[in-house]
Structures are given as structure tokens and as C-alpha cells.
Amino acid sequence: MIILEKIYNLLLEVELVKMSISYLPEKGVLTIDDKVKVEETRSLYDALREDQKERVENYNKLVELENKLVTINKAYESAQVVVELISNLPSVNNLTYEDKSLVTNARFKYNLLSAVAKTYV
């Protein structure tokens, strides 16, 4: 009976990982907010034994999402540079002609961002 219980628990662990992957968003709608969920799912997968990992048929989805998150994270980080430039600008009521180069620089850096990065500004 103990052996059956162990086998059952091993299979449950596999099913938990498969379900966790299936509940992750699709690649096209993945955002930086999903990073923690993807990382937690990776931890669950990594905790499996090798023979269990072979049973996770949707593992490719996890890898694709992790790769997409690398791109999203780079976009987010580049956007944060522009956010800082903008936040350091004087308020509209306090803008002067001397601030023109600061505004121009912020706009220039914004225009260099990818479409994805612009969504984080």
C-alpha cells in the first residue's frame, strides 16, 4: 500500500505542474505582472524528479513564456530609464525654455523604445 501511495503522490506532483503551466497566460498576452507566476511554476517543475519531468507534456509552454519574459523584462527596464527622465522634468507650470533640452531628450529616448516598452511608460 505504501508503494501505491508513493506512486500516486509522484503522479499528483506531475499533475500539479501540468495544471500550473496550463493556468499561465498564453504568450501573446503575457505581461511583466505574470513574472512571479512563471517563476513559481518553474520552481515546481525543477523540484520534480527526472522521470516526472518527462511526463509534463506542456513543458514547452513554460519555456516559451520564460523566453518571452526575457524580452518583456528588457523592454520594462528600458522603459524605466525614460520614466525616470520624465519624472525628473519640471511640472508643466514650471517649465521654462531652459528645460527644452531635457524635454527633447526624454522625447527622443521615448521614441527609441519598442512598442512593448512604450506600454510601460
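This is a predicted model: local features need pLDDT of at least 70, side-chain atom pairs count only at pLDDT 80 or more; totals for chains, interfaces and linings use all residues.
User: Where is L11 found?
Analyst: L11 is found in helix α1, and together with M1, I3, L4 and I7 it makes a nonpolar surface patch of about 580 Å².

User: OK, now the inside. Which residues of the largest nonpolar core touch the most other members?
Analyst: That core has 14 residues, and those touching the most other members are V17, L30, V38, Y45, V56 and L62. The elements that give two or more residues to this core are α1 (2-22), α2 (35-46) and α4 (59-87), and α4 gives the most, with four residues.

User: And what does V17 touch, not counting residues up to four places away in sequence?
Analyst: Leaving those sequence neighbours aside, V17 touches L44, Y45, L48 and V56.

User: Switching to charges, how many salt bridges does the structure hold?
Analyst: The structure holds eight salt bridges, and one of them is formed by the side chains of E26 and K61, at 3.2 Å from N to O.

User: Why does the pair of E26 and K61 tie together parts that are apart in sequence?
Analyst: E26 lies in the loop between α1 and α2 whereas K61 lies in helix α4, so the pair ties together parts that are 35 residues apart in sequence.

User: Are those two buried or exposed?
Analyst: The two partners fall into separate classes: E26 counts as exposed because its relative accessibility is 53%, while K61, at 16% relative accessibility, counts as buried.

User: What about D34, which side chain does it meet in a salt bridge?
Analyst: The side chain of D34 meets that of K37 in a salt bridge, at 3.0 Å from N to O. D34 counts as buried, since its relative accessibility is 8%, whereas K37 is partly exposed, with a relative accessible area of 41%.

User: And which residue forms a salt bridge with D51?
Analyst: That partner is R49, and the closest N and O atoms of the pair are 2.8 Å apart. D51 counts as partly exposed at 39% relative accessibility, and R49 counts as partly exposed at 43%.

User: Last one: which residues are linked in a network of salt bridges?
Analyst: E15, K18 and E57 are linked in such a network.

Methods. Residues are numbered from 1 along each chain as its sequence is written. Side-chain values use heavy atoms; hydrogens and water are left out. A nonpolar core is a set of buried Ala, Val, Leu, Ile, Met, Phe, Trp, Tyr and Cys residues joined through side-chain atoms within 4.5 Å. Buried means under 20% relative accessible area, exposed over 50%, partly exposed in between (1.4 Å probe, protein chains only). Contact means heavy atoms within 4.5 Å. Patches are made of residues with over 30% relative accessible area and no salt bridge: like charges are joined within 9 Å, nonpolar side chains (Val, Leu, Ile, Met, Phe, Trp, Tyr) within 5 Å. Accessible areas come from the Shrake-Rupley method with a 1.4 Å probe; for residues, only the protein chains shown count as cover. A salt bridge is a side-chain nitrogen of Lys or Arg within 4 Å of a carboxyl oxygen of Asp or Glu.
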